[in-house]
Amino acid sequence: MTNSEDLKLIPEALSNLRSGAKWAVKDAEIQWLDNTQTQPTEEEIQAEIERLKAIESKEQQRSQAKADRDKALNSITYTLNDGSVYQVRSQDVPNFQLAIQRNKDVKWILADNNVRLTTVDELKEILNHGIQEGTRIWDEYTQKLEEINQ
C-alpha cells in the first residue's frame, strides 16, 4: 500500500473488513487497538482496497456516461432541406406537440435564433426525428451502463 490513493482507502477498507473495530492509521502504519477482533492481513486489506477502487472506477464511468448522455440529449437538432436547423431537445418536445395539436403553421425560432414559418408536416418530421434520436441516445446509454456493470 504505497500509493496515496490506496492510503486514503485504508480506513474504509478496515471498517468494511472489521466493522466496529478500534484502530488508528499513522504514517501509513496501522495501529490495531481492538482486543476482540483480529487485525486483517495485508492481503485482506489490499483486496478490499482493490474492490473499493473498482467500485469507484465504475461510479466514475457511470457518471461520465450520464454526462455524455445529457450532452447528447441537449444537442439534438434536425436540419430541413433548406438548411434550417431546429433544436429538438427534451424541453422542446412539448412545444412541438402543442404546435402540432393546434394544426396550424407556426413561426418557429431556429437553433441560430432566426425565425421561420414552419408547416405542421415539417414539425411532425422534426419531432419524429428528435424522438428517434433521443431513443437512440438512451439505448446507447443503457448499453454503456450494461458494459460498465459487467
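**Ground rules.** I number residues from 1 along each chain as its sequence is written, and I keep to heavy atoms for side-chain values, leaving out hydrogens and water. Because the model is predicted, local features need pLDDT of at least 70 and side-chain atom pairs count only at pLDDT 80 or more, while totals for chains, interfaces and linings use all residues. Helices (H or I, at least four residues) and strands (E, at least two) are DSSP runs, numbered from the N terminus.

**Strand E6.** I started with threonine 118, which lies in strand E6 (residues 115-118). Threonine 118 has 0% relative accessibility and so counts as buried (under 20% relative accessible area; exposed is over 50%, partly exposed in between, with a 1.4 Å probe and protein chains only). I then looked up its polar contacts (a pair of N or O atoms within 3.5 Å; within protein, one must be able to donate a hydrogen and the other to accept it, and residues adjacent in sequence count only if both atoms are side-chain atoms). The side chain of threonine 118 makes one with the side chain of tyrosine 86, at 2.6 Å. For contacts in general (heavy atoms within 4.5 Å), leaving aside neighbours within four places in sequence, I found Tyr86, Asp105, Val106, Trp108, Leu123 and Ile126.

Valine 115 is also in E6. Is valine 115 buried or exposed? Valine 115 is exposed, at a relative accessible area of 56%. With the neighbours within four places set aside, valine 115 is in contact with Lys107, Trp108 and Ile109.

**Helices H3 and H4.** Next I checked H3 (residues 93-102) against H4 (residues 120-148): their axes come within 9 Å and cross at roughly 150° (lines fitted to C-alpha atoms over the stretch in contact, with angles from 0 to 180 degrees between N-to-C directions). H3 and H4 are therefore roughly antiparallel, a label for angles over 145 degrees. In the contact, Val93, Phe96, Gln97, Ala99 and Ile100 of H3 meet Val120, Leu123, Lys124, Ile126 and Leu127 of H4.

**Serine 75.** My last stop was the loop between helix H2 (42-73) and strand E3 (77-79), where serine 75 is found. Serine 75 counts as partly exposed because its relative accessibility is 44%. A polar atom of its side chain lies 2.7 Å from the backbone oxygen of lysine 71. I also noted glutamine 87, 12 residues from serine 75 along the chain, with 7.4 Å between the two C-alpha atoms.

Methods: Angles under 35 degrees count as roughly parallel, over 145 as roughly antiparallel, 65 to 115 as roughly perpendicular and the rest as oblique.
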